[in-house]
Amino acid sequence: MRIIACLNGDRRPGAHPALPVSAEQIALDAAAAVAAGADEVHVHPRDGSGGGALEPQVLSPMLERLHAAVPGVPVSVTTALSAEPDPWRRYDLVQRWGSLPDSATVNLHEPGAVEVARMLVDRRVRVEAGVADVDAARLLAAIGMAAEFGRVLVAPQDTDPDRALAEAERIEAVLDRAGIGLPRLLHGVGEAAWPVLEAAAEAGHDVRIGLEDTLRGPDGGEAAGNAALVQAAAERVSSRARR
């Protein structure tokens, strides 16, 4: 069971006092998250204005800083349309990446996602297939590429814990019926973040936590930052392992 720290997502600068935006902030925050118990880090690259960006000139220096700050720790980056809303331009930007991350998340419900995933596989970048709903799970089964991916990210988008958990169960049922045996990472957003993390830990799946998913700790209070969130997740994962 691995803990992935999702450091910033597409949150606007200032959404939280500790939200890392610049490459330097992201690298420092990644080091703190790893020290707190994270096994991997997932980041959304940001340009000089703090907006999401997939340009090679943005990604390369960020990866250089990250690899220096957390040597040997896998680094995942987004390919979400929130970072580049034009699917054709996104494909072109990702194709032009010179420095490559250890893995990249591709949200299968987004236009052009399958083409981006195929290109990343060809470039030998580990693909994490983002599955937000049952339709995306069925698409993953239909495209016949699951064996070439590294992991499935089961990511229900509903912030209501009960509805998010129910959707995660439906997604997993589709994956099971399709015989997709890839490792699974479950995560929720907002108020669903901690209940979904608890369910993922109970099932023995990888878990994810960070300011991308929630600004609050398990007690409902504002989190001090990513390291505090990771530490709380590590305590819960350890508790499940002991049981």
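Is Arg184 buried or exposed? Arg184 counts as buried, at 9% relative accessibility. Buried means under 20% relative accessible area, exposed means over 50%, and partly exposed lies in between (1.4 Å probe, protein chains only).

This is a predicted model: local features need pLDDT of at least 70, side-chain atom pairs count only at pLDDT 80 or more, and totals for chains, interfaces and linings use all residues. Residues are numbered from 1 along each chain as its sequence is written, and side-chain values use heavy atoms, with hydrogens and water left out.

**Stop 1: salt bridges**

The rule asks for a side-chain nitrogen of Lys or Arg within 4 Å of a carboxyl oxygen of Asp or Glu. By this rule the count comes to 16 salt bridges.

Next, select Arg236 and Glu198. Their closest N and O atoms are 3.3 Å apart, in another salt bridge. Arg236 sits in helix α8 (residues 226–242) and Glu198 in helix α7 (residues 193–203), 38 residues apart. Helices (H or I, at least four residues) and strands (E, at least two) are DSSP runs, numbered from the N terminus. Arg236 is partly exposed at 23% relative accessibility. Glu198 is partly exposed, also at 23%.

Now show Arg2, Glu40, Glu128, Arg151 and Asp206 together. Salt bridges that share partners join them into one network.

**Stop 2: strand β1**

Select residues 3–6, strand β1. Ile3 and Ala5 lie on one side, Ile4 and Cys6 on the other, and all are buried. In a regular strand the side chains alternate between the two faces of the sheet.

Zoom in on Ala5. Its bridge partner in β8 is Ile209, and its partner in β2 is Val41. From β1 the chain passes through helix α1 (residues 23–35) to β2, a right-handed β-α-β crossover. Right-handed means that, with the strands pointing away from the viewer, the path from the first strand over the helix to the second runs clockwise.

**Stop 3: helix α3**

Select residues 87–95. The buried residues of α3 are Arg90, Leu93 and Val94. Seen down the helix axis, they fall within an arc of 95°, so they line one face. The arc is taken from the directions from the helix axis to the C-beta atoms.

Finish with Arg89 and Glu55. They form a salt bridge, the closest N and O atoms being 2.8 Å apart. Arg89 is in α3 and Glu55 in the loop between β2 and α2, 34 residues apart. Arg89 is partly exposed at 36%, whereas Glu55 is buried at 18%.

How values were computed
Pairing = 2+ DSSP bridges.
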